[in-house]
Amino acid sequence: MSQAEDRMSQAEARPESESVGTVVVAGVANLAIAIAKLIAGLISGSAAMLSEAAHSVADTTTEVLLFQALRRGARPADQRHPFGYGKESYVWAFFAAMFTFVAGAGFAVTHGVTTILVHQHSGDYLVSYLVLAVSFVIESISLARAVRQVRREARRWHTTPRRFLRLTADTTVKAVFLEDSAALIGLLLAGAGVGLSHATGDEVWDGVASILIGLLLLTVAGILAGNNLSLLVGRAVPERLRREIEQDLAGLPEVERIDTLLTMQLGPQDILVAAKVDFRDEATGAQIEATADEAERQLTERYPEIRFVFLDPTRSLPGATGTARHTQAGPTPDAGGPEPT
């Protein structure tokens, strides 16, 4: 089996509902944890526990919005939206990041400051420890599913999980991974704050932990919001993928050179490719049409995410040499989708 056929079979074998399953698992886990943390926070009076409850409520709402992103973004193209609804998924994912920013982080920071100023603790610490331990186990299970999906996708793109997460246009799996990772770190911070307050009798540690949880949420929300804004504006594919597309087009028999190559990420699984192509002067109209068909076939076989390929025959400039005269500049290191090696 050829490499293109192998990658096609992998894409076809990959369940389309995988991201949905990851989001649903994370949402159910966060909802259960939010209820437990809220009860523990009200019983114990711990600011860190209440901040963690707000953290889990924000994460639960985020999962609902991410589920909406997957559902709305997967709708097929129609007459009013000929390129599909992929970008709508980034709108809902941006809303999710903003909710985390406003609700989760805002509550955690303000409640932490209040606790430091008031120094009041109203209940037992034991229930906080128990809920933190159970929450850590549940969050670990949710994160494990997200990690499995990230590794599977990284193998499909022949890249590392870290690079996949940095460059992927699938904002749902990225959001779940970052939120679950932040949740585990937040639990450790809450545990440290509660433990230090318990050991010293000073509630300032509980308040400090709450503020740190809020800052952690701010960081995650900022990363996700910036990523979604970049995709909403219309981000290009990563530089190495763009170069491979250019090489594939330039290697077609009737192509003299590529004058312009533009790409855009239309959605998590949708890429648009548009190019001005200088065909050989001797090429007939039929040969140009056949070459355009072959270009689309090759690119979509090699990269199933490429849904649209537009080639515009253009006249060569006098003295022009090489391949592409004008292409997109390479994206910034944190932009784009996964880069194949």
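This is a predicted model: local features need pLDDT of at least 70, side-chain atom pairs count only at pLDDT 80 or more; totals for chains, interfaces and linings use all residues.
**Entry: the whole chain.** I looked up the secondary structure next, and it comes to 10 helices and 4 strands. Following the chain along its sequence, I read the pattern α-α-α-α-α-α-α-α-α-β-β-α-β-β. I also noted burial for the chain, where 47% of the 341 residues count as buried.

**Entry: helix α3.** I turned to α3, which covers residues 47-73, and checked its span: its 27 residues reach 38 Å from the first C-alpha to the last, close to the 39 Å expected at 1.5 Å a residue. At the N-terminal end of α3 I found a cap, Ser46, which places a side-chain oxygen 3.3 Å from the backbone nitrogen of Ala48.

**Entry: Ser89.** I located Ser89 in helix α4, which runs over residues 88-118. Is Ser89 buried or exposed? Its relative accessibility is 5%, and because buried means under 20%, Ser89 counts as buried. I also checked Ser89 against Gly73, and although 16 residues separate the two in sequence, their C-alpha atoms are 4.6 Å apart in space.

**Entry: helix α5 and its packing on α7.** I went back to α5, whose 31 residues reach 46 Å from the first C-alpha to the last, close to the 45 Å expected at 1.5 Å a residue. I then asked how α5 (residues 126-156) sits against α7 (residues 171-200), and found that they pack at an angle of about 160°, with their axes 9 Å apart. That angle makes α5 roughly antiparallel to α7, since angles over 145 degrees count as roughly antiparallel. The crossing in which α5 passes α7 is left-handed. Sorting the residues of this contact between α5 and α7 by class, I noted 16 nonpolar, 9 polar and 2 charged.

**Entry: α7 with α8.** I followed α7 on to helix α8, residues 204-233, and found the pair packed at an angle of about 170°, with their axes 7 Å apart. The helices α7 and α8 are therefore roughly antiparallel to each other. For the contact of α7 with α8, I wrote down 17 nonpolar, 7 polar and 3 charged residues.

Methods:
Residues are numbered from 1 along each chain as its sequence is written. Side-chain values use heavy atoms; hydrogens and water are left out. Axes are lines fitted to C-alpha atoms, for helices over the stretch in contact, and angles run from 0 to 180 degrees between N-to-C directions. Helices (H or I, at least four residues) and strands (E, at least two) are DSSP runs, numbered from the N terminus. Angles under 35 degrees count as roughly parallel, over 145 as roughly antiparallel, 65 to 115 as roughly perpendicular and the rest as oblique. A crossing is left-handed if the near helix is turned anticlockwise from the far one by less than a right angle, and right-handed if clockwise. Ala, Val, Leu, Ile, Met, Phe, Trp, Tyr, Cys and Pro count as nonpolar, Asp, Glu, Lys and Arg as charged, and the others, Gly among them, as polar. The expected span of a helix is 1.5 Å times one less than its number of residues. A polar contact is a pair of N or O atoms within 3.5 Å; within protein, one must be able to donate a hydrogen and the other to accept it, and residues adjacent in sequence count only if both atoms are side-chain atoms. Buried means under 20% relative accessible area, exposed over 50%, partly exposed in between (1.4 Å probe, protein chains only).
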